[in-house]
Every structure is written in structure tokens, then in C-alpha cells.
Amino acid sequence: EYLPQLVRVLREDRTFARLVRVRLLSGFDMLAWGFYVLFATRELGLPAAAVGLFLAVQTAGSIVGSLLLGWLCERLGSHRVIQAGTAASCLAPLIGLGLALSGATAGPLVTVLCGAIFLSLGVVTSSFVLGHLNYVLDLAPSGQRPVYVGLLNTLGGVMVVLPPLGGFLLQLTSYEVLFALTALFVLTGHLSSWRL
């Protein structure tokens, strides 16, 4: 009885279907997520000590992102949070791609740019609950909220295959290809978010 209900929600609720599309496309940031530290240390030559700095910056990005995105959600709505979050998720692969293509090596500017990658990842982390989940709670009919939230989370679960897929892709190709492909999917998700 439950499965046909899920299919019906996806087929009949176009707004929810658009949200799922945005969630899945922007979720492709997971393709490269686990490889930014390796890229910074192995390819760009930043010291291993920089990893601690990057994790601190990512945590700060999550905290500041929660505050700013919470304000944005209150003032302009959760769809604007989704748009801001997907824009932030575009930054990491685009900065990584720029660094990879430029042949940059360790230095102050490279450290700042890598910090910007991790700052954006922190913002992306805080945008999911404030954006996607709030949007679903606003969108779903009151008796259907558990169905909608469960369906969004279940469909989002397919993204667990992306980090291993990213590693496989990196073994076969390069950081340039990994970051470019990630940016392509995430940018498509960001553009789709403007239809919410």
C-alpha cells in the first residue's frame, strides 16, 4: 500500500519532483567531497598541518552558514536557502578545477583558496536542514509530511555511492575531470533550484 503512494507523490506533485531533482543533482558534490584534502596536500603541496586548519574552516562555515541561512530562511523562504546552498556547493569543485588547471603550488593564495573550498563545504552542510527539509515541511500536506520527508531522504540515500564512484573516476582520470564533472552536475542542480 505504501509503495504506490510514494510513486503517486513523485508523479503528481511536480514541485516535490523538482525538489528531488535539485537534491539529487546538487548531491553530486559528494563525488569530489572526500578528495579535496588529498588534492590540497598531495597535488598542491600544502603541509599536512593545513588539514586541521581546513577542518576548522569547514566547521566555522557550518556555524556561520547556519546563522546566515537561518536568517535568509526566515526572511525570504527555504527555497532561497536551497539556492544559496547549491550556489555554495558549486564553489568547491570550481575552485578545485581552477587550481588544478592552473598548476598552482603551495603558497598563501593557494591556502586561502583551499580554505574557501572548505568554507563552502561547511555552508553546504548547514543548508540541507534549513533548505530542503524546511521546504518539504512547507510543501507537504499536513498528513503526508512523514511520507514526503522519508521519500526525500530515501531518494537522497542513493548518493552514498558517489564517493567511491569519485575515487574510481579519479583513479581512471584526473582531478580536473573529477572536479569538472562534479561542477557540471552541481551547477545543473543550482540552475534547477531557481524553478522551485
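A residue is termed buried under 20% relative accessible area, exposed over 50%, and partly exposed in between, with a 1.4 Å probe and protein chains only. By this scale A50 counts as buried, at 8% relative accessibility. The structure is a predicted model, in which local features need pLDDT of at least 70 and side-chain atom pairs count only at pLDDT 80 or more, while totals for chains, interfaces and linings use all residues. Residues are numbered from 1 along each chain as its sequence is written, and side-chain values use heavy atoms, with hydrogens and water left out.

**Confidence**

- The protein chain has an average pLDDT of 92, and 100% of its residues score at least 70; pLDDT is the predictor's confidence in each residue, from 0 to 100.
- Confidence is lowest in helix α1 (residues 2-12), with a mean of 80, and highest in helix α10 (residues 175-193), at 97; helices are DSSP runs (H or I, at least four residues), numbered from the N terminus.

**Helix α5**

- Between G52 and V112 the C-alpha to C-alpha distance is 14 Å, with 60 residues separating them in sequence.
- L67 is found in helix α5 (residues 50-76) and is exposed, its relative accessible area being 62%.

- The structure holds one salt bridge, defined as a side-chain nitrogen of Lys or Arg within 4 Å of a carboxyl oxygen of Asp or Glu.
- E74 and R75 form a salt bridge, with 3.2 Å between the closest N and O atoms; E74 counts as exposed, at 65% relative accessibility.

**Largest pocket**

- The largest pocket has a volume of about 270 Å³; a pocket is an open set of points on a 1 Å grid where a 1.4 Å probe fits, with protein on both sides within 12 Å along at least five of seven lines.
- Its lining comprises 18 residues, of which R23, D29, W33, V124 and F128 lie nearest the centre; lining residues have an atom within 4 Å of a point.
- Helices α2 (14-26), α3 (30-33), α6 (78-102) and α7 (108-139) each supply at least two lining residues, and α7 gives the largest share, five residues.

How values were computed. Points joined across faces, edges and corners; volume = space filled by probe spheres on them.
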